[in-house]
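Colleague: I have a few minutes before group meeting. Can we go through this model together?
Modeller: Fine, ask away.

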Amino acid sequence: MAKADIGLVGLAVMGENLILNMESKGFTVACYNRTVSKVDNFMDGRAKGKNIIGCRSVEELTENLAKPRKIMLMVKAGAAVDAFIDQLLPHLEDGDIIIDGGNSHFPDTIRRTEYVESKGKLYIGTGVSGGEEGALLGPSIMPGGSPPAWEHAGPILQAICAKTDDGEPCCEWVGENGAGHFVKMVHNGIEYGDMQMICETYQIMKEGLGLTNERMHEVLTEWNAGELDSYLIEITRDI
């Protein structure tokens, strides 16, 4: 059996959707989940008939990967990331790459990059933005960490990410150490600020101006057709 181009750990919806996205772009993907029944369910369901290899252990996962191995973690930020790094390292060789695609705090990513590099391996901490739909159809990706890793992981990440209207990938190397997760933190801060502003605007229209839901829908539709065109305005309109 041919080796997989990349492995992914963590079969919640984001992980599954990223795997299906990668496979749809021509990559073979190996997957693993700590609760092995999730691997079986995925392979019998959404992954059936696709170029996806279900693995029942970390060792099996690493054995099914082309070198240099690239393994993306889509697990809960915090202790779970450290635990999987320690599980993976004994099965990896120098130059193999671990990618943390969760919402890790950037100082943790700095620490993990130093730790993984001290073992002869490479590390990427990357923001992934776009939610479940973005993971499947094309997210914005913000990678940073060990610079030599970009040569190997970049083609996959840029293939699966969203594209601008002129075809430019919404994914580029942003710097060393924790730069990727730092950029994601700034991104989230801007997004949450926008969400708060939209909430306050809704309150003014609803309670201050006494607009009906139908009229607010019309206003938001007008806004979304102009310079305020955005995903957040669009979903607020629909809600």
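Colleague: What share of the contacts with a separation of 6 or more comes from residues 24 or more positions apart?
Modeller: 61% of them, where contact means heavy atoms within 4.5 Å. Before you go on: this is a predicted model, in which local features need pLDDT of at least 70 and side-chain atom pairs count only at pLDDT 80 or more, while totals for chains, interfaces and linings use all residues. Residues are numbered from 1 along each chain as its sequence is written, and side-chain values use heavy atoms, with hydrogens and water left out.

Colleague: How many helices and strands does the protein have?
Modeller: Ten helices and seven strands. These are DSSP runs numbered from the N terminus, with at least four residues of H or I for a helix and at least two of E for a strand.

Colleague: And which domains are assigned?
Modeller: Domain 1 covers 6-180 and domain 2 covers 185-238; the bounds come from an automatic or database domain assignment. Their centres, taken over C-alpha atoms, are 33 Å apart. The C-alpha trace of the protein spans about 65 × 40 × 35 Å along its principal axes.

Colleague: How much of the protein is buried?
Modeller: 44% of the 239 residues. Buried is under 20% relative accessible area, exposed is over 50%, and partly exposed is in between, with a 1.4 Å probe and protein chains only.

Colleague: Take H7, then. Which of its residues are buried?
Modeller: In helix H7 (residues 150-160) they are Trp150, Ala153, Gly154, Ile156, Leu157 and Ile160. An α-helix has 3.6 residues a turn, so residues three or four places apart point the same way.

Colleague: What do those buried residues of H7 pack against?
Modeller: Strand S1 (6-9), helix H1 (13-24), S4, strand S5 (97-100), strand S6 (122-129) and S7.

Colleague: You mentioned S6. Is threonine 126 in that strand buried or exposed?
Modeller: Threonine 126, which is found in S6, counts as buried because its relative accessibility is 0%. A polar atom of its side chain lies 3.2 Å from the backbone oxygen of methionine 142. That is a polar contact: a pair of N or O atoms within 3.5 Å, where within protein one must be able to donate a hydrogen and the other to accept it, and residues adjacent in sequence count only if both atoms are side-chain atoms. Leaving aside neighbours within four places in sequence, threonine 126 also has contacts including Met72, Ile99 and His181.

Colleague: Different topic. Which peptide bond is cis?
Modeller: The one from lysine 67 to proline 68, with omega near -10°. Proline 68 is in the loop between H3 and S4.

Colleague: And arginine 69, what does its side chain reach?
Modeller: The backbone oxygen of threonine 62, at 3.0 Å. Arginine 69 sits in the loop between helix H3 (58-63) and strand S4 (70-73). The residue is buried because its relative accessible area is 9%. Not counting residues up to four places away in sequence, arginine 69 touches Thr62, His91, Leu92, Glu93, Asp96 and Ile97.

Colleague: Last one. What is the phi of asparagine 177?
Modeller: Positive, about 55°, although asparagine 177 is not a glycine. Most residues other than glycine have a negative phi, and most peptide bonds are trans. Asparagine 177 is in the loop between H7 and helix H8 (179-208), and counts as partly exposed because its relative accessibility is 32%.
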